[in-house]
Amino acid sequence: MATDSPAGELPSRGKRADAQRNRQTVLAAAAEVFVTSGVDAPIRQIAAQAGVGMATIYRHFPTRADLVTAVYRHQIEACAEAGPKLLASAGSALDALRQWIDLFVDFLVTKHGLADALQSDSDRFAALHAYFLDRLLPVCAQLLDAAVEAGDIRPGTHPYELMRGIGNLCIGRDNDPRYDPRRLIALLLQGLQRPQTP
């Protein structure tokens, strides 16, 4: 089939690139809105944050569950990819672990309300939870191992225990404005550190 121009495929590739950019913009905007307003935030609020029309959101994510699931996966990937980058750029393995835990806490806040949003589709939630563990446990393990090897923290902390503990500390954040999970998480990390020898 002939095309009118030698670069007949370029508009199609350009369209795909634009669509991918729009999708990423929507996911980033939705993640921000979910942090402040929860997963039940109006779609128009997400569209305004992303600078796109509501039709663009519905084209990529026909249902709210599709959008919430995509944000969840997007945040998992961002958190997973951050671990090795932080290890390479942070001043110490402990700093990398702290910064990653901060991102992880942001992710847990974003995830707030996910279970309710996906309540009607428990298989989807179970698959997301498995994906979450598959992607993030190895990253947490890598950061913990590096901090142990550097002598920053004591050995013996399992990544699942640490992630579960942090998750449990984040529960109830929305119900009590006096409660700041980050303060307790900082104390938890302090407890993992090796005592400094004089």
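User: By about how many helical turns are Trp-100 and Phe-104 separated in helix H5?
Analyst: The model is a predicted one, in which local features need pLDDT of at least 70 and side-chain atom pairs count only at pLDDT 80 or more, whereas totals for chains, interfaces and linings use all residues. Residues are numbered from 1 along each chain as its sequence is written, and side-chain values use heavy atoms, with hydrogens and water left out. Helices here are DSSP runs of H or I with at least four residues, strands are E runs of at least two, and both are numbered from the N terminus. Because they are four residues apart in helix H5, Trp-100 and Phe-104 are separated by about one helical turn.

User: How many helices and how many strands does the protein hold?
Analyst: From the N terminus on, the elements run α-α-α-α-α-α-α-α-α. The count of secondary structure is therefore nine helices and zero strands.

User: What percentage of the 198 residues in the protein is buried?
Analyst: A residue is buried under 20% relative accessible area, exposed over 50% and partly exposed in between, with a 1.4 Å probe and protein chains only. Among the 198 residues of the protein, the buried share is 34%.

User: How many aromatic pairs are there in the structure?
Analyst: Rings of Phe, Tyr and Trp (its six-membered ring) pair if their centres lie within 6.5 Å; planes under 30 degrees apart are stacked, over 60 edge-to-face, and the rest tilted. The number of such pairs in the structure is six.

User: How many residues apart are Tyr-72 and Phe-107, which form a pair?
Analyst: Tyr-72 and Phe-107 form a tilted pair, with 5.5 Å centre to centre and 35° between the planes. Tyr-72 belongs to helix H4 and Phe-107 to helix H5, so the pair links distant parts of the chain, with the two 35 residues apart.

User: What is the angle between the planes of Trp-100 and Phe-104?
Analyst: This aromatic pair is stacked, and the rings stand 5.4 Å centre to centre. Both Trp-100 and Phe-104 are buried. The angle between their planes is 5°.

User: Which residues do ring pairs link into a cluster?
Analyst: Two of the pairs are described above, one of Tyr-72 with Phe-107 and one of Trp-100 with Phe-104. Ring pairs link a cluster of Tyr-72, Trp-100, Phe-104, Phe-107 and Phe-132.

User: Within what arc do the buried residues of H2 fall, seen down the helix axis?
Analyst: Helix H2 covers residues 43-50, where Ile-43, Ile-46, Ala-47 and Ala-50 are buried. These residues line one face of the helix, because their directions from the helix axis to the C-beta atoms fall within an arc of 100°.

User: Which exposed residues does the face of H2 turned away from its buried side carry?
Analyst: Just after this helix, Gly-51 takes a positive phi of about 75°. On the helix itself, the face away from the buried side carries exposed Arg-44 and Ala-48.

User: What distance separates the C-alpha atoms of Val-68 and Val-39?
Analyst: Val-68 lies in helix H4 and is buried, with a relative accessible area of 2%. Val-39 is 29 residues from Val-68 along the chain, and their C-alpha atoms are separated by 6.9 Å.
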